[in-house]
Amino acid sequence: MSTTLNRGGSDTRNTAGNGPDLTVAGGLPVLLRRRPGPSILAARLVIRGGSGADPPGRCGAHQLLAGVMTRGCGPLDADALADTVEGAGASLRAEAHEDALVVGLKCAADDADTLLPLLLALVRQPRLEPGQVDLERQLNLQTLARQREDPYQLAHDQLRSLLYGNGPYGHDPLGLESDLVETGRADLAALTTGLGRDGAVLVLCGSVPDNLVELLEQPLGGVPWPTRLPNPAPLAEPAASADGPELVLLEQDTEQLVLMLGCPTVPLGHPDGLALRLLQAHLGLGMSSRLFLVMREERGLAYDVGVSLPARLGAAPFVMHLSTSAERAAEATACLAEEWQRLREVPLDGEALTLERAKYLGQDAMGRQTCGQIAERLALVLSHGLPADHVEHCLERAARLEGADLQRAAQRWLTQPRLSLVGPRAALEAASGAWATSGLSRPQR
């Protein structure tokens, strides 16, 4: 793979495939994945920070900033920027995740000369026009208002608060209404000065232009952006606290009950993370998953059921969720608690473990079909301070993990789960009673 370097870019390619292919002036590492086929390009810029770094009293500030970034940068106002991107049939988005602010671009390779400079222009030259800040804030407030009508979102927000309190993961990236109304242009301008301080990485996949560094440095105007490859997150084991409530309820006049049962576990890259992801596949991936078969097919308890384990720099939440009829609230709650306990008490046998390994491998293959997927996955790994071949190492390790390894991870991390319930009063009362008699509920003191 050959790359033309221009204007101060230095080639720092690592022959082992884990280092950046080149570096933009100031330190931004860039990794390239050239792919034959249609002349398209996908780019993913991940900047360490995100909603977990929202200032006190300004929850939602990074998501607001991300939205305003796409409303004008450099010489382009909101209309001109939209015309430039949409006129090329391209996609340019910015959003805040819990641990990062992410800018993504998908375009035809022929338009790269025009569109690639926008990636850094959004970050280094956002216009932050007051009218656009007000408009984006109003849109975010409307989204938060709509979320209050969604029982799943309400249950999720309750569980998030139970698990993380006022910590970095304790609020939705959209923020809190009371904070958003107080967040203005000055707050966003202050955030832009710190972007990249904790690291950033850019991944491009597809047909990469030869004058890449020149295109990327164009919006910098000779002023380097001081940043670097993100450092690995500390792998200190998060302590599961026995303090605070273990159950939270919200009454809603509906015909069904939403249950979410979860606890904080480990960061992406933690040695136990792979075992937990195999357990996630066992419980919730596909129609052959344990929860689907037991709770939906065999017992008819669930309208919808699943398991989530997002990638996090900190203690990621492992969450089982389902919705059930109000009449079967107690039975569904007891069954969910039994399945959680089963992970800790019963190791997977050979056939089940073989199936979960196959699911894990298949999920990986399905997640790297397009240039956009490849760029997204690689940028995620690198933004966590992990090597570029982290996923490949996980795939190799998955073949060696046994049922006892998964059980030990469950016994170590799936302790003291919290339960979030949203539904009608009678269902809440029945579910609370079932929870109190389950083996997961702590004795009242």
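# Charges, cysteines and loops in a predicted model

At 14% relative accessibility, Cys 59 is classed as buried.

How many disulfides does the count come to? The count comes to 0 disulfides. A disulfide is a covalent bond between the sulfur atoms of two cysteines. Cys 263 illustrates the point: its closest cysteine sulfur belongs to Cys 335 and lies 18 Å away, which is too far for a bond. The cut-off for a disulfide is a pair of cysteine sulfur atoms within 2.5 Å. Cys 263 is also buried, and its relative accessible area is 1%.

I turn now to the salt bridges. Across the whole structure, the search finds 23 salt bridges. I shall discuss three of these pairs and one network.

The pair to consider to begin with is Arg 160 and Asp 172, whose side chains form a salt bridge with an N to O distance of 3.5 Å.

Another pair is Arg 299 with Glu 331, where the closest N and O atoms of the salt bridge are 3.3 Å apart. Here too the pair links distant parts of the chain, 32 residues apart: Arg 299 is in the loop between α10 (290-298) and β11 (304-308), and Glu 331 is in helix α11, residues 329-345. Arg 299 is partly exposed at a relative accessible area of 32%, and for Glu 331 the value is 32% as well, again partly exposed.

The remaining pair on my list is Arg 368 and Asp 364, which meet in a salt bridge through their side chains at 2.8 Å, N to O.

Asp 77, Asp 79, Asp 83 and Glu 86 form a negative surface patch. Which element supplies the largest share of the patch? Helix α2, residues 78-87, contributes that share, with 3 residues. Glu 86 is located in helix α2, and this residue counts as exposed because its relative accessibility is 61%, the cut-off for exposed being over 50%.

Next, the backbone. Leu 128 has a positive phi, near 50°. Where is Leu 128 placed? Leu 128 lies in the loop between α3 (112-124) and α4 (130-147), and the residue is buried, with a relative accessible area of 4%. Gln 416 likewise has a positive phi, of about 50°, although it is not a glycine. Gln 416 is in the loop between α15 (403-413) and β13 (418-423), where its relative accessible area of 29% makes it partly exposed.

Thr 70 is in the loop between α1 (61-69) and β4 (72-73). Thr 70 is partly exposed, at a relative accessible area of 29%. How far is the C-alpha atom of Thr 70 from that of Ala 275? The separation is 39 Å, for residues that are 205 residues apart along the chain.

Ala 311 occupies the loop between β11 and β12, the latter covering 317-325. With a relative accessible area of 23%, Ala 311 is partly exposed. From the C-alpha atom of Ala 311 to that of Asp 210 the distance is 33 Å, and the two residues are 101 residues apart along the chain.

Notes. Residues are numbered from 1 along each chain as its sequence is written. This is a predicted model: local features need pLDDT of at least 70, side-chain atom pairs count only at pLDDT 80 or more; totals for chains, interfaces and linings use all residues. Side-chain values use heavy atoms; hydrogens and water are left out. Patches are made of residues with over 30% relative accessible area and no salt bridge: like charges are joined within 9 Å, nonpolar side chains (Val, Leu, Ile, Met, Phe, Trp, Tyr) within 5 Å. Accessible areas come from the Shrake-Rupley method with a 1.4 Å probe; for residues, only the protein chains shown count as cover. A salt bridge is a side-chain nitrogen of Lys or Arg within 4 Å of a carboxyl oxygen of Asp or Glu. Lys and Arg count as positive and Asp and Glu as negative; His and the chain ends are not counted. The place of a charge is taken as NZ of Lys, CZ of Arg, CG of Asp or CD of Glu. Helices (H or I, at least four residues) and strands (E, at least two) are DSSP runs, numbered from the N terminus. Buried means under 20% relative accessible area, exposed over 50%, partly exposed in between (1.4 Å probe, protein chains only).
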